[in-house]
Amino acid sequence: MPQKRQSGDSEEGLDIRSLASGYSAGFIIDAHLHDWHQLVYATRGVMTVNTSTSSWVVPSHRALWVPAGTEHEIEMVGAVSLRTLYVKAGLSASLPRHCCVVNVSPLLRELILHTIKIGMLDRYVPAQKRLVGVILDQLETLRTVPLKLPMPRDRRALRVVELVRANPSDSNSLDLLSTKVGASKRTIERLFLSETEMTFGKWRQQLRLLHALRLLAAGESVTTAALEVGYDSTSAFISAFKTALGTTPGRYYHEASGLETKISRG
């Protein structure tokens, strides 16, 4: 449950608000939305965030940008410590217009933690107004990370999604999966391409990658994660992981662990 919240009697003059909270493994924040933009950053743990059209896995050294008015649900993978910024809508036209997982630079990380200590940033306080400007400069140049899994809308394609999600390691062909949902392979291929902008093969590979991230975050070994998501060898999984995220699984989580240690000591 939430451990700490910053709030005030009035929002007049406020450009950025903040929230620090902690959640236990498996806790779900039900679908909700905000009038303010939101940068959801976990100093510890991994989140899965779902909207009506997509899912994202957010490791501890990344953040999810959620534009104002976007309904979303957050599921905690392991214990999670959140440090969230709420940015007043309309403050900048250059902020992202869609949900996305983003890299958090060392500077932005320190700005988030500093804002948490202050609580809220008021444009009528000169030092805080300057801080808002620096934060906006950082937010306007966020680098996205490919940790999104778009969802199809057609019920037949969604049934295929359910089958694959139920057993990510299953190597059943699309022919067989299509037969199970009462559609042709060509129809399912067309639906995935038109509704997710990904081929089915690419979509399944992305699902496996995101599931592997959750397993690794839960403490599973690279070998176990690779086998659980259907790779024949650890080396093939590491290669696919590096292609998608630019580094190996071991280095990826070693970097995250280092950041968490630094924050906990700060």
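Which residue lies over the face of Tyr124? In this predicted model, that residue is Arg123, at 5.6 Å from the ring centre. Another arginine is placed over a tyrosine: the charged end of Arg17 sits over the ring of Tyr86. Here the distance to the ring centre is 5.0 Å.

Aromatic rings also pair with one another. The count comes to 6 aromatic pairs. One of them joins Phe200 and Trp203. Their ring centres are 6.4 Å apart, and their planes meet at 20 degrees. Planes under 30 degrees apart count as stacked, so the pair of Phe200 and Trp203 is stacked. Both residues belong to helix H6, which spans residues 200-217. They are 3 residues apart, about one turn of the helix. Phe200 has a relative accessible area of 6% and is buried. Trp203 is buried as well, with a value of 0%. Ring pairs also bring in Phe192, which forms a cluster with Phe200 and Trp203.

Thr115 is 16 residues from Leu131 in sequence. In space, the two are 8.7 Å apart, C-alpha to C-alpha.

Technical notes. Residues numbered from 1 in each chain as written. Predicted model: local features only at pLDDT ≥ 70, side-chain atom pairs only at ≥ 80, totals over all residues. Heavy atoms only, no water. Phe/Tyr/Trp six-rings, centres within 6.5 Å; stacked < 30°, edge-to-face > 60°. Helix = DSSP H or I, 4+ residues; strand = E, 2+ residues; numbered from the N terminus. Buried < 20%, exposed > 50% of the residue type's maximum accessible area, 1.4 Å probe, protein only. Lys NZ or Arg CZ within 6 Å of the ring centre and 35° of its normal.
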